[in-house]
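Please find below a short note on the model under review.

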Amino acid sequence: MKLFDFWGGVHPAGQKHLSAEQAIQVLPMPSRLHVPLQQHTGRPAVPAVKVGQTVRKGQLLGREQGGVSASVHAPTSGVIVAIGDFTAPHVSGLPLPTITLESDGEDRWLEREPPPDPFALEPEEVAARIGEAGIVGMGGANFPAAVKLSKARQAKVHTLAVNGAECEPYMTCDDRLMRERAEHIVDGIRLMLHALQASNAVIAIEDNKPEAVASMKAACQPERQIRVVVVPSRYPAGSAKQLIQILTGLETPAGGRGTDTGVLVHNVGTAYAVHRALRQAHPLISRIITVTGGAVARPQNLEAPIGALVEDLLAFCGGAMEATSRLLMGGPMMGQPLPGTRVPIVKGTNGILALTAAEARLEATPSPCIRCGRCVEACPMGLMPLEMSKRARHDDLDGAEAFGLIDCISCGSCAYVCPSHIPLVQYFEYARGALEARQRAEQKVKETRRLLEQHQARLARAEQAKAEAAARRQAEKRQAKAKVGAAA
Amino acid sequence: MSLFPTSAPHAHAPDSVPRLMGLVLLAVAPATLYGIVLFGWPALNLLLVTILACLLCEAVCLRLAGHAVRPFLLDGSALLTGVLLALSLPPWAPWWIGAVGGFFAIVIGKQVFGGIGQNIFNPAMLARVALLVSFPVEMTLWLEPRPLFSSHAPGFLESLTITLGGISDIDAVSGATILGHIRTELGMARELGQILPGHYQAGTAALGWTGGSLGETADLLVLLGGLWLLWRRVMTWHVPVALLATVLVLAGGFHGLNPERFASPAVHLLSGSLMLGAFFIATDPVTSPTTKLGQLIFGAGCGALVYIIRTWGGYPEGVAFAVVLMNAATPLIDHYVRPRIYGRTWRGQSRPVPERAKRPPVGSGEAE
């Protein structure tokens, strides 16, 4: 298959050797699990249980609200001990509505029968079951998978691109999943193709994962419509827009969807979750997470229940927190700093990364831009980060927008190469936030003006009605007087 | 442990401004040393004077502007400006030429604009142009090579007299650069066939065994330094290649039309500061465009101006003027030359997906 190139990109040190050879280990069930009701894009799930209720493993904890939303399920059997706020895995450290479950140690499943032949189901029914299982995009996008599949089927997508690129440095969870559970992933892909009614699937894997490529190729052997393609290792090859560009040479139109190009991108982890949901009737209650970084004693790939705390995972990997200067959820290029270790992992968590000061290069302080243009060269979206940041810095939001602020995918390639160590992404996030706030404020002003105008129109109408009534009364009076006069 | 939240990315390429400046200084070091060997102690004195003047001016300006002095002084940019300035001066220029040049480069050329990254013109070239216009005699005093420790080279003490007091017997030492010679002789209606023999040999020109500015003569060393910078990815090929190619194409064309009037591409390539300008001057990131296409336009513009000034202008050499003129055009180039944004047309509208997207990619659906 002919591959195309994407623009820009960088070659950060992979550091995957730290955990790539560690086979997936199952994290021992923590005594308590904290399952946030919102782990996805869209509306949060609504609690379906009460405090004190006993639940089985896989039982529904929070029901999706319809539209873009996703359900959450019990990662083990036990008792609901709290429904309330708990620190979210987000920089802000703000709390999110969370269901806290105390494990009874028995890990008993809620018995449910998988369909005897999922391929006999209607495509819409397959998507519905994927939705019931609470599956979201496992590559970090967190968009409800069923919604994405249904919309893509309506858009007549012909190709499913399965993302096994894993271009983030340090991350090896997809690599291990592809090496160890290739057949299950391929089965999940076939099920997704059925749900999509699409003819082809392409599994894209970066060339730094030869074992995963071999294993996936072997698993695809009997499938004529599924093929493995090896893509060059260059960040951000695993970004959906760039992956589509690599596979088809096409660009997702600005403001459009990836499916406009006839391609739907799903992560290998999502395919695996789909397999579990339809073959074993298991909802999405665990995932593979890479726990790694120079500050972790024994980097590993763990199969951890959703809602386990970051500290549980770190403890299983030997801890070593003294050297940690930065703790992230996700990889170093796009990962989110965590407000602490007492935050739960969620469906979209692909890694926990504890970096030492040397790895995070904390000693570097920003200096003025020397206009070297490396950021322009590195940007996969064809933007000029130096111009955007210059404008964002001076609150020239229109200027930043004119240079393509809203097209930025926050991949961080520009900031990675900047010799002046300017935190470019931070400027863009700030400007985007300010732009949204301004748009909201403008919307509010417009709405207020509309209401005010309506109010004034109403007043004017009332005034007019009053005046007319008065005039009518006057006229009646005159008429009455005239009548009286005439009578007299 | 600090869990202070900061924005991604949390990894960084092993690059910094001081490191880049350091690599450029390393790349230009062989040509600098060669110039010092070629022209003796006075050249070393001049180099030290320009470096000191640049660093001193930088420190004073930073202090006056209320910036942190140390980090900026140590970023290597003022040091590099000092070196590049010395390389573009006549090797036996008196100390005050170096000092005034350093002042011009750093204060007028860089700090008035706001310091590193803010200047419009290449500081060293701006200083060279200002000096050339203000002190035409001192700035065109060229001499034949007199290598360090050779019989007719000045000793260390004598070099101090030259640097501090000026050259006592100008006629005894001065010569002409090949470009200057060509201009003078062409002006007297002679033809290149008569002018060049005895004055120009490609071999010596490439090795730099000829008169000229302190660091411009050793074309091979400059070229090697430049190629090393390309290999280390400190800069990209766009500016130097566009610049040299434009000069070669123009020189080749005109030389083909009239070889007796227009010097050959080889003469242009191996004389004056073309090579130094292509790899070390025009590539200054601050004063050149930031996009690849912009850099090609910029390089080609520099090359064309160099050829025009050398051939029809009032000065025998035009690299400094060409670079400064194109520096002035850089904001314009950056304004109009922008990359196309992914998913958008050149005009910025959403780019529709072509019809072929409706079909599966070629070759899929078949097993390998």
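1. Of the 368 residues in chain B, 52% are buried, a residue being buried if 20 or more other C-beta atoms, placed from the backbone, lie within 10 Å of its own. This is a predicted model, in which local features need pLDDT of at least 70 and side-chain atom pairs count only at pLDDT 80 or more, while totals for chains, interfaces and linings use all residues. Residues are numbered from 1 along each chain as its sequence is written, and chains are lettered from A in the order in which they are written.

2. Chain B contains 17 helices and two strands, taken as DSSP runs (helices H or I, at least four residues; strands E, at least two) numbered from the N terminus. The C-alpha trace of chain B spans about 80 × 65 × 40 Å along its principal axes.

3. Among contacts in chain B with a separation of 6 or more, 75% involve residues 24 or more positions apart; a contact requires C-beta atoms, placed from the backbone, within 7 Å.

4. In chain A, an open sheet of four strands has the order β11-β10-β9-β12, with parallel pairing; strands pair if DSSP finds at least two bridges between them. Its edge strands are β11 (226-231) and β12 (263-267) of chain A. Strand β10 (residues 200-206) of chain A is joined to β11(A) by six bridges, and A:A201 stands opposite A:I226.

5. Helix α4 (residues 182-196) of chain A lies across β9 (159-164), β10, β11 and β12 of chain A, at about 150 degrees to β9(A). Angles run from 0 to 180 degrees between N-to-C directions, with axes fitted to C-alpha atoms, for helices over the stretch in contact. Helix α7 (residues 268-279) of chain A also packs on the sheet, touching β9 and β12 of chain A, and makes about 80 degrees with β12(A).

Conventions
A residue is buried if 20 or more other C-beta atoms lie within 10 Å of its own, exposed if 12 or fewer, and partly exposed in between; C-beta atoms are placed from the backbone. Two residues are in contact if their C-beta atoms, placed from the backbone, lie within 7 Å.
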